[in-house]
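Q: Can you walk me through this model, strands to begin with and then rings and interfaces? I'd like the cut-offs spelled out as we go.

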Amino acid sequence: MTESLSFDGTVVTFRPGQTIGAALLASGTRSWRTTRRNGRLRGLFCGIGVCFDCLLTVDGIPDQRACLVEARDGMQVRTQQGVGRAGLAV
Amino acid sequence: MPGSPSDPYDVAVVGAGPAGLAAATTAADHGCATVLLDGAGGPGGQYWRSAPGTAGPGTDPTTDRAGPGRVLAGLLADLDRVDVRTRHEVWSIQAEPAGFVVRAQVDVAEIASRARTLVLAPGAHDRQLPFPGWDLPGVVAAGGLQALAKEHGVLPGRRVVVAGTGPFLLPVAGAVIARGGTVVAVAEAGDGTGWLRDPAVLMGTPGRVRDAVAYAAVLARHGVPFLRRTGVVEAVGDDCGVTAAVLARLDGAGRPDGGSRHTVDCDVVATGWGFTPRLDLPLGLGCATRADLDGSLVVAVTARQETSVPGCFAAGEATGVGGAELAVVEGRLAGLAAAIRLGNAPSDPPPARLLRRRRSLRRFAALMHAAHPVPPGWPAWLDERTTMCRCEEVSVADVDEAVTDLGVTDPRTVKLLTRCGMGWCQGRICGEPLARLVAARTSTPYDPMSMATRPVAVPLTLGALATGPS
Amino acid sequence: MLAATAPDRPTRAPDVVVVGAGIVGAACAFVAARAGLTVVVVDRGAVAGGTSGAGEGNLLVSDKLPGPELDLALLSARLWRDDLAPRLGPRLEYEAKGGLVVAATSEAAVALGKTTAAQRAAGVAVSDVAAADLPTVEPHLAPDLAGGAHYPADAQVQPIAATVLLLREARTLGARVLTATRVTGLLRAGDRVTGVRTPSGDLPAGAVVNAAGPWSGEVAALAGLDLPVRPRRGFVLVTAPLPHVVRHKVYTAAYVSDVASDDTALQSSAVVEETPAGTLLIGASRERVGFDRTPSVPVLRRLAAQAVGLFPVLATVPVLRTYLGFRPCSPDHLPLLGPDPRAPGLLHATGHEGAGIGLAPATGALVAQVLTGEEPALDLRPYRPERFAA
């Protein structure tokens, strides 16, 4: 059975057990975040949860490490712009 | 309830890689009530990753060696007597009169687990050295590439340059080839002669030599250039990511020869300069440290793997980077020492074969460090705009301004002034390079302790911290 | 009284040796150098390696009750705003963000109203904020507070930058800064202090300023003097970077009474403020535990709980880091500032507790005035260092 998640509205399929990061890379996407100072693109770097470069928003929760979080069917994954949590800004 | 103040475990092992698995199973073998905690979803740590349903855990598909797989399988089979807690990210450990309390974040909650003795096996992660363009998408840690390949069967691109130093570059290249990718080149900064300094060591560790020969054969079969005294001095790309790597010859100190620069097309650059131990938890407990041969700060341990904190033992990469087999040996010794301390095992000398194996593997590790040093001249390939701190986007120019213009000569103050090392990763990636760069710029000794302490070992939410257990 | 000496005669003994390269030492060095004195700063560690590198960079008038500390704070706030901020430039990150003190209960609100009335009468700019108006001032505040007070003059700087920049200014005026240089003794001629001793040799000077923060008592002891400065430990939690979420430095009214408390047990009150980098700094705890650097989980939990109590949206925000520092405290919570009659030639500039960053410019100004024989801008009697001697 093919499982899939939504990444910025696009369907991305994955094998059970894969992380979100692995799924995105397998689909040809290699960046899913912009830095907060210079707006530079980032994706996966250390791959093991130490560098926190690969942060993205999953089901509304920001700052999730794509290299660690296991992909699940129906997840809503979004590029994280800057710090995430833009809704809190006053 | 095991782990509660009234019912502590005998042994808590933190880290379920080779060292932690060996320590936990050994302790359990001696009748100790043992808990094993790890932040990942399953045991194995960084060394022993495998995709579900493949030939066997830890089997290396490029050489089909089942060695590591057998050891891992054996340890996993013994785990049924251990309380295994996965997805437990330990953020702090305190010493108490009766032992230790291990605090871990699980999803958004926090738990506390108490034990009479403690074995720390937190492992290590790739050491990185910044270079121009290393923050482009597509530049990844060598260990990250291997984790993707082995555990998820995924490559982050099709044309890969592997660069840095150390025997680990070879299996990384092998993993790319095994999954149908192209390794454009392997760039090794060392010259390979360091291994010849102590040939007796190589004879004592024939498995390593076989590994190296096997990997070399794989590379040769696929026409992959293995370039010694060469490094990636720049990653080039557009805003979407890496499109090419600039290679250059390096002199004995690691300084690039500008005239030798040549560019190769690629969409992945995988870099690694050996490994650097994860010391947040041992430092948080006040364990004494020492500088290992590769300049890394490591936990100082006795012959029985005990740290300077009584009842706290350490094993694996944290005591000195030396590979999975050494980690297993140290783990067994640490688990045994914990059992002896608890009175669950007679305090005889440890088995001689374990001590011999540890000695031999440590000699191998020493040789490896000597053959693959962090080249002192690496700052020569930096330019002003090179990112030093990925998290906070601090450049080399920012660091130089603090040192030169503002007269700051110690890494901690440079950090506090520039924010280099103050972002999400809290200096795990950039702390060592920053300390090395400041030392180079100020002609002062490199001080690895200056950037090392992190009382909060993994981020946890204010809500979890507020409501966590005592 | 010391005559000013030409700064280009380095072989002469300096007019002043300042012990301590934290914010107070840096301010003293800068103002003294600007007044034409030759200055050497010595510190056993790095610049801002002690308390100055472990605080939040606050310049507050809001937490000062009328009296000598408020006088010092008002003078210092003016000097930060009008003299130092323009001179030190944007790297200082001087931000006149204002402070908001909130009261959780109606009793606390009444007490706060009395405090603000007294402060207003003493020249502090402050307006009371009714409970219903708090959300306009700070949208993410918990909804059940009883009232507050807004202090537009409260400001913030980056404390390490402030220290480093002040020392750089001092160096351009001829001062020298010697880090990794421990003072192992004071040079004496009878009762007079005539310089300092270091492992690399003696450093004679016309005067010595003790600006060693929580370690000032150790320096004074080198002259056989008892200077009752004791450390008061504080922790700070640092969050992940956030968008602009908290506008002011926000703290609960209990903060003021905690500062004034002599209790040796844990005192803590909620303090939350943002930094230009987007992280939030969360304090504030006060404990007398000597120089114990072991992180205290109960204290960290209390700080986290108080912050979430004040700003409920913070419950899901990650903490990346915690650091601790030791505030230099005196028995009556006022600084020890000025010449020590028990040891002519020795001046003290210490005991600023948690207000060192804010009070540094006025301290430097007063110390320099003493050194040059000028009339001090404030009456120094309340701060006289010998006031605790039997």
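A: In chain B, strand β12 (residues 230-238) and strand β13 (residues 241-249) run antiparallel and are joined by 8 bridges, where strands are DSSP E runs of at least two residues, numbered from the N terminus, and helices are H or I runs of at least four, and where two strands pair if DSSP finds at least two bridges between them. This is a predicted model, in which local features need pLDDT of at least 70 and side-chain atom pairs count only at pLDDT 80 or more, while totals for chains, interfaces and linings use all residues. Residues are numbered from 1 along each chain as its sequence is written, chains are lettered from A and ligands numbered from 1 in the order in which they are written, and side-chain values use heavy atoms, with hydrogens and water left out.

Q: How many residues sit between β12(B) and β13(B)?
A: There are 2 residues between them, and the two strands form a hairpin; within the pairing, Val246(B) in β13(B) stands opposite Glu234(B).

Q: Which strands make up the open sheet in chain A?
A: That sheet has 3 strands in the order β4-β3-β8, with mixed pairing, and its edge strands, each pairing on one side only, are β4 (41-42) and β8 (80-81). Strand β3 (residues 33-34) of chain A pairs with β8(A) in the parallel sense over 2 bridges, and Arg33(A) has Gln80(A) as its bridge partner in β8(A).

Q: Switching to rings, how many aromatic pairs are there over all chains?
A: The search of the whole structure finds 7, counting rings of Phe, Tyr and Trp (its six-membered ring) with centres within 6.5 Å, and calling planes under 30 degrees apart stacked, over 60 edge-to-face and the rest tilted. The rings of Trp378(B) and Trp381(B) form a tilted pair, because their planes are at 55°, with centres 6.4 Å apart.

Q: Is Trp378(B) buried or exposed?
A: Trp378(B) is buried at 2% relative accessible area, and Trp381(B) is buried too, at 6%; buried means under 20%, exposed over 50% and partly exposed in between, with a 1.4 Å probe and protein chains only. Together with Trp273(B), Trp378(B) and Trp381(B) form one aromatic cluster.

Q: And which charged end sits over the ring of Trp215(C)?
A: That of Arg44(C), 4.9 Å from the ring centre, the rule being that NZ of Lys or CZ of Arg is within 6 Å of the centre and within 35 degrees of the ring normal. Elsewhere, Arg390(B) lies over the face of Phe45(A), at 3.7 Å from the ring centre.

Q: What about the interface of chain C and chain B, how much area is buried there?
A: About 2,900 Å² is buried, 61% of it given by carbon and sulfur atoms, where buried area is the accessible area (1.4 Å probe) that two parts lose on being put together, summed over both. In chain C, Arg91(C), Arg301(C) and Leu320(C) lose the most area to chain B, together 25% of what that side buries.

Q: How many salt bridges cross between chain C and chain B?
A: The rule, a side-chain nitrogen of Lys or Arg within 4 Å of a carboxyl oxygen of Asp or Glu, finds 3 across that interface. Arg301(C) forms a salt bridge with Glu110(B), with the closest N and O atoms 2.7 Å apart.
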